[in-house]
Every structure is written in C-alpha cells, then in structure tokens.
Amino acid sequence: MRIGHEHGRITAIETLANQPVGPRRLAMPCFANAHDHGRALPTLAFGAHDQPLETWLLRLAVAPSIDPYLAACASFGRAALGGSGAVMMHCTRAQGLTDLPTEVAEVARAADTVGIRAAFAVGLRDRNPLLYGDDRLVRESMDIETRRVADRYFRIPTQSIEAMLKSVDACAQAVADRGLDVQYGPTGVQWCSDALLAAIAQASADSNRRVHMHLLETRYQRDWADRHYPNGIVRHLADIGLLGPRLTLAHCVWARDDELDLIAESGTTIAVNTSSNLTLRSGIAPLRRMLDAGCRVALGLDGSALDQDDDAIREMRLTRLLHADRGFEDWNGDEAMLRSALGHGRHCIGAPGSGMLAIGEPADWLLLDLDAMQKYCLVDNPLSSLLFARTRAAEIKELWVAGQPVVRDGCLANLDLDLIHAELIEQYRRHWHDRRDLQNVWPSIENHLRRWYQQAGCC
C-alpha cells in the first residue's frame, strides 16, 4: 500500500501495482495517551513504589525542581517511543522555577521538539493538601520538626479562585500560537471546593475550554465522596454543570452503575489507567460496565505503564486481557480497545481526527515491524490477533504525526533521549539535597498518614 499525505492530512491510500521487495510493515493509527502527568523520570526514581496513591503522591514531593523543557522532552519522548502521537499532560505539580505561563510555553516547545500533539491541563486545587479531611489531629500528633516540614510542602495554595482561573487564561495566551491545548485541570473533587468546581464549570461553559479531572480513583476517595455528597458525587457534578462533552474524568475505578449512566448520558469521557491503578493498589476500573452504559472510554498511561516504559501497545493488551470474558463467552474486545486507545483519547486531548487511517484524516500513524510480529507464526493469524497477543513498543519502527517523522528505526527523529535522561539525572543529583528536610522526615509523615487512613471512618 501507499499512504499519501499533504499539509498534515492523508490524501491517498492506494494499492501499489508492483510491490517492492523489502521489510514488511503494518500501518495503524498512533495511540492517544488520554491521561498523564509529564513526569521527567519514572516515579521509582524518587522512591515512590508499592504504595497506595494517598502516600505515593505525596512522596513525589521529594523530587527537586528541574528544567521544565527537558522534563517535558523526556516524558513526551518516551510516549512517542511507546506509540503515542498525542498526550494529555495534567500538571498537578509545576516545576516552579519560573511563572506558570513561561513553564507552559517550555512544555509546548518540548512537544514541538519531539513532534507530538499535546494538551496541558493546569492543576487547580484549594483544599485537603495532606489528607482527605481535617488534618489538625494528624498534624498535632506529629513532632515539631515533622509538622514544620509537612506545613512547608503540603499546604493549601493561597490564590483566590478568580486568580486560579486567570492563570489558566494566561497559560493559554502564552501558547496561543502553538498547538498545545490548554485546559482547566481541577485535581479531583476531594482537592477542590464546591465553589472552585462550580467556577470551573461556568468558565468552561463561557470559554468552551476543556476540563480534565481525577474522579473516584481509590476506595478512600469513594468513602470521602459518599460522606460529603450523600446524593452522589457524580450527580453533584451534573448539577453544577461540569459533566458534559468538554470533561474528561480520569480513573473512575470506584464509580457505581448509576454514576456511569449519568456520565454516559452527559457525553463525558472516562480515561482508564489500568497499570497505574494496579501499581497503586487502587483496583480495576469497571470497563465493561462503562462500555455497556455507553460511556466514551479512552486509555491513559498515567506515567505508570506496566514496566514504567510508556508502552501503549502493552497497556492496551493488558486492559483487554483483564476485562475479557471467562470461558466460552465472547466479547468483541479488540474493536472496543482499539477505539478507546486510538480514537477517544484524541477527543479529550483536543487532537484532530478520529483515530482512523482514511483520506482526510490527520497524517498520524505507526509503522510496526510485521516480520517481527509474525516471527513465530506457522499459520496466517489475523492482524488483530498479532497485535493483542505479543506486539510491544519494540516492534514500532516509525511514528509520524501531522505528516512528519517523530520516530524512525525505533529512535526519536529529533532528539537524543539518552542524553536528555542523563542531563535530567545529573540535575536531580545536583539538587537532591534541596529537599533533604522532607526526605528525612518522610517515614514519619508516611506512618501518620497510614494510621489515619487505616482508622475506621477516616474520611
């Protein structure tokens, strides 16, 4: 076959009369990573491993601030090598070395350097910085030094709601001439007051700007939501006007059937993050129930793919296997997974196209090594069987976005990722002791939080 393209769009897909002799390739749409955080290195680098989200997330604060451009280049570069041509970066903790609009401009520059499409959700929060609820008793039980450090790193931002919304406008203005889609990024209902969420809903309606938010990722968040919103947290989001086609909800691991029906009815997208939820002991999202309810489901990597390598192909396969029928029941999971992994994520990232290879669609595709995929085949297996049985990012030979090469021969076309990682590691090592106070008292903070969450009725 020949794929023709011009000005970033596919103009022709045609059969060649005389097929050239050479390596065999499988062309398919590239992946859209619908939920991520743009972290510079895998989180194991900072000792964040084998912990529930509630302490794992705070542990990441031991990482010092580093160059935001290099950090984004590393994250986007790994995503591209893993097959993603479009990525959502929900920035819940900025590097903070400059003002936020300047940092967002650096992220946009990194996306341009790597060559991928990207969205940037500005993290917004105004409550519960340490735990889900009143943290006074926990803080009072800490020794003086531990409490001082906890107050330094985990406190409520001082910005007003109006100032937070204006910062999103400023970030969007800073990249107005770039391809970065800036969105409102409330971090989650347990971290955002009703007033903030309502203001975001109104601002989104007024500006048509998308919203990206976590929801019901862990059972502790489920318990907290049930206590504070006895009529239902999803119903509350609908009542304030936040549910709708502009909203993406990451995770929804603990969403109930009636909540999924509301989400589906509203046109909201759910970004499922299978490996992340397994790694952080959060559970397994009810994907089949989401699809049965009619939810638009996308796939995210959340910076925590199974091997912390951003392999989107393996992530899709793992998700398919976890939710397959048992025994002789037969679910058409291949089609559902491809639609989620290739198409639906583009919607919540703000990327054009439907995730298909067709005339008029964006010239975004992967070329996989078909010879390697069929290496052990003694029979002519369907291509979908090859894709879902053993194909990995290692089989990616090329990634093209908007008609431009991003990955060639399994390497980034515009960037030496090994050099980027080496520079980042050097920066982290050079500044590692900048947060020595948190590193020293972290075991104490973690123990206090663990005890609090393990208490009956903690949330």
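We'll start with the ground rules, then go from the core to a helix, a sheet and the cysteines.

This is a predicted model, so local features need pLDDT of at least 70 and side-chain atom pairs count only at pLDDT 80 or more, while totals for chains, interfaces and linings use all residues. Residues are numbered from 1 along each chain as its sequence is written, and side-chain values use heavy atoms, with hydrogens and water left out.

Let's begin inside. A nonpolar core here is a set of buried Ala, Val, Leu, Ile, Met, Phe, Trp, Tyr and Cys residues joined through side-chain atoms within 4.5 Å; buried means under 20% relative accessible area, exposed over 50%, and partly exposed in between, using a 1.4 Å probe on protein chains only. The largest such core has 133 residues, and F31, F76, L215, L242, M290, L368 and L438 have the most contacts inside it. Helix α2 (residues 68–81) supplies the largest share of this core, 9 residues. Helices are DSSP runs of H or I with at least four residues, strands are runs of E with at least two, and both are numbered from the N terminus. Take L438: leaving aside residues up to four places away in sequence, L438 touches A61, V62, V149, Y153, F154 and I445, where contact means heavy atoms within 4.5 Å. Another core, of 7 residues, lies apart from the largest one and includes A119, A121, I349 and A351.

Now for helix α10 (residues 257–266), whose buried residues are E259, L260, L262, I263, A264 and S266. They pack against α8 (219–228), α9 (233–239), β9 (247–251), β10 (269–272) and α12 (287–293). Just after α10, G267 takes a positive phi of about 85°.

Next comes an open sheet of 5 strands, ordered β3-β12-β13-β14-β15 with antiparallel pairing. Strands β3 (25–29) and β15 (411–412) stand at the edges; each has a single partner strand, so one side of each is left without a neighbour in the sheet. Two strands pair if DSSP finds at least two bridges between them, and β12 (residues 365–369) and β13 (residues 396–401) are joined by 4. Within that pair, L366 stands opposite L399 in β13.

How many disulfides does a search of the whole structure find? It finds 0, a disulfide being a pair of cysteine sulfur atoms within 2.5 Å. For C252, the nearest cysteine sulfur is that of C295, 7.9 Å away. C252 is buried, with a relative accessible area of 0%, whereas C411 counts as partly exposed at 47%.
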